[in-house]
Amino acid sequence: MAKYQPTIGLEIHIELKTKSKMFCSCPNDPDERNPNVNVCPICLGHPGTLPVINKEAVKKVIKTGLALSCQIPEYSKFDRKNYFYPDLPKGYQISQLYQPLCRNGFLEIAETSSHLSLRSASPSSEIAGKKIRIREVHLEEDTGSLIHPPGADYSLVNFNRAGIPLMELATEPDMESAKEARKFAEEFHLLLHYLDVSDADMEKGQMRVEVNISLSKKKGKLGTKVEIKNLNSFRAVERAIEYEIKRQEVLLEKGEKIIQETRGWDDIKGITVSQREKEFAQDYRYFPEPDLPPLHFTKKEIDEIKAAVPELPQKRRERLVREYSLDEKSAEIFVYNKKLGEYFEKVISELPPNLSKANLFKLIKPASNYIITDLQGLLRGASVSDKNFLITPENFAELITLIYEGKISSKIAKQVLGEMFKTGADPSHIIEEKGLIQITDEVEIEKNIKEVILKNPKAVEDFKKGKANAFQYLIGQVMAKTKGKADPQITGALLRDILDKDI
Ligand SMILES: [Zn+2]
């Protein structure tokens, strides 16, 4: 049913990582287990108290805006959004409506034709991007949290979260599918990690996604907008949109009207459910926050924040492919796992400096493969930035060089890497101590081959009859006899020579 064109926009709330709350000095501690301990008269909304702006939070929003190529106006200010809810002790939320901190940016996402989740084993293999426009990024405060004990006829409230700095991003309705919306959320999540402005742990509610979706028959024309609130995983974003597209299509086909409303997502049933009819800005009686001065930024202040914006995921993707000729899949792994990517680049910088460019690339490829496959296998989800990770980039580079120089086989290399991982020792030390150096001496290899031939007359007979796997079997026997140390190429060549002569 591709009869209807979905138009999708996202609003994403992010709890910022700061020491204290947005307008008071209470700790911003998402891991606090005891309820109602990080509270004070300001965040509890006692009469007569005055808020003070958290500059760190303002800087983090501007940093995010700059990373999204937003315009940062010279002036910004806060507004009051009035509404009553039990977890909002003041009866209003300090937010921004008229002059948000950042406006008119964009974020590029990979095209989704062969979309695969970044979290799956094989990340998206595509780099070509689509620009999703950002309408604004503003700053507000979070509400407290309500707890509804199962079966109880009361609810509990915890104000630890009340007043935590909350950044809200709103996109233009530039997305056309569930996959695209998911991709945007994933890319923005990655960006937040690069900027170090939030942990954005979705399970902890530190990143919450709202979807605006409408269906229309013609591209560019908008239908009635439905909002889906509080989506707490990338999967939920994708599933909720897919469900909503189908639901609205069915209604439109029946000639029914779509109601402009807010819907919730039931993750277990896999459906959206009507919650309430949509409020409009005028319902909140916004007015300028009288207790806070307007914000003013100088060019120097903005430039300082700009200087702290690191290389961002999209740029990093492009650079890794360009500089190291990595395939896009490997580059994506190093972009997604930033620390692993940094480790990879340190390893490359420790490779022998006198190599020609062509030879250097012969080492870069195995280095990335050993890091992505073997090292990640040993790490089992741990990070190369952990204190107990012992392999220095110098030692890793040495291991790759030893493989390249033919001093150890790839089989031995895995054994050496395992040992390096356990002890942090340097590879040449391990090879020497354990006697693992590759045997390249032809006389010694020939001696081993002759013994194998004597012990395996049947395999030799099979080889003569033309059975190709008999040859591989004999190679395997030589390797086993030398505990994997015989140089496989020399062994293969010598074995063929000896067998051919024998015939
Ligand atoms: Zn407080």
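Guide: Let's start with a term: a salt bridge is a side-chain nitrogen of Lys or Arg within 4 Å of a carboxyl oxygen of Asp or Glu. Keep in mind that we're looking at a predicted model.

Visitor: Why do the side chains of Glu 244 and Arg 247 count as a salt bridge?

Guide: Their N-to-O distance is 2.5 Å. The cut-off is 4 Å, so the pair qualifies. Both residues sit in helix H3 (residues 234–253), 3 residues apart, which is about one turn of the helix.

Visitor: What makes Glu 244 buried or exposed?

Guide: Buried means under 20% relative accessible area. Glu 244 comes in at 0%, so it counts as buried. Arg 247 has 16%, so it is buried as well.

Visitor: How do you know that Lys 17 forms a salt bridge with Asp 199?

Guide: The closest N and O atoms of Lys 17 and Asp 199 are 3.2 Å apart, and the limit is 4 Å, so the pair passes. This pair ties together distant parts of the chain, 182 residues apart. Lys 17 is in the loop between strand S1 (5–15) and helix H1 (55–67), while Asp 199 is in the loop between H2 and strand S10 (207–216).

Visitor: What separates Glu 446 and Lys 450 along helix H12?

Guide: They are 4 residues apart in helix H12 (residues 442–455), so about one helical turn lies between them.

Visitor: How many salt bridges does the structure hold?

Guide: The count is 44. Some link up into a network, joining Glu 311, Arg 316, Arg 319, Glu 323 and Glu 345.

Visitor: How do you know which atoms coordinate the zinc ion?

Guide: A donor must be an N, O or S atom within 2.8 Å of the metal. The SG atoms of Cys 24, Cys 26, Cys 40 and Cys 43 lie at 2.3 to 2.4 Å, so they count. In sequence, the donor residues are spaced C-x1-C-x13-C-x2-C. Cys 40 is buried, at 18%, and Cys 43 is buried, at 7%.

Visitor: Why are strand S4 and strand S14 called edge strands?

Guide: The sheet is open, with 3 strands in the order S4-S3-S14 and antiparallel pairing. Strand S4 (92–95) and strand S14 (287–288) each pair on one side only.

Visitor: How do you know that strand S3 and S14 pair?

Guide: At least two bridges are needed, and strand S3 (residues 79–82) and S14 have 2 bridges, so they pair. Arg 80 stands opposite Phe 287 in S14.

Note on methods: Residues are numbered from 1 along each chain as its sequence is written. This is a predicted model: local features need pLDDT of at least 70, side-chain atom pairs count only at pLDDT 80 or more; totals for chains, interfaces and linings use all residues. Side-chain values use heavy atoms; hydrogens and water are left out. Donors are N, O and S atoms within 2.8 Å of the metal (3.2 Å for Na, K and Ca); water is not among the atoms, so sites may look incomplete. Buried means under 20% relative accessible area, exposed over 50%, partly exposed in between (1.4 Å probe, protein chains only).
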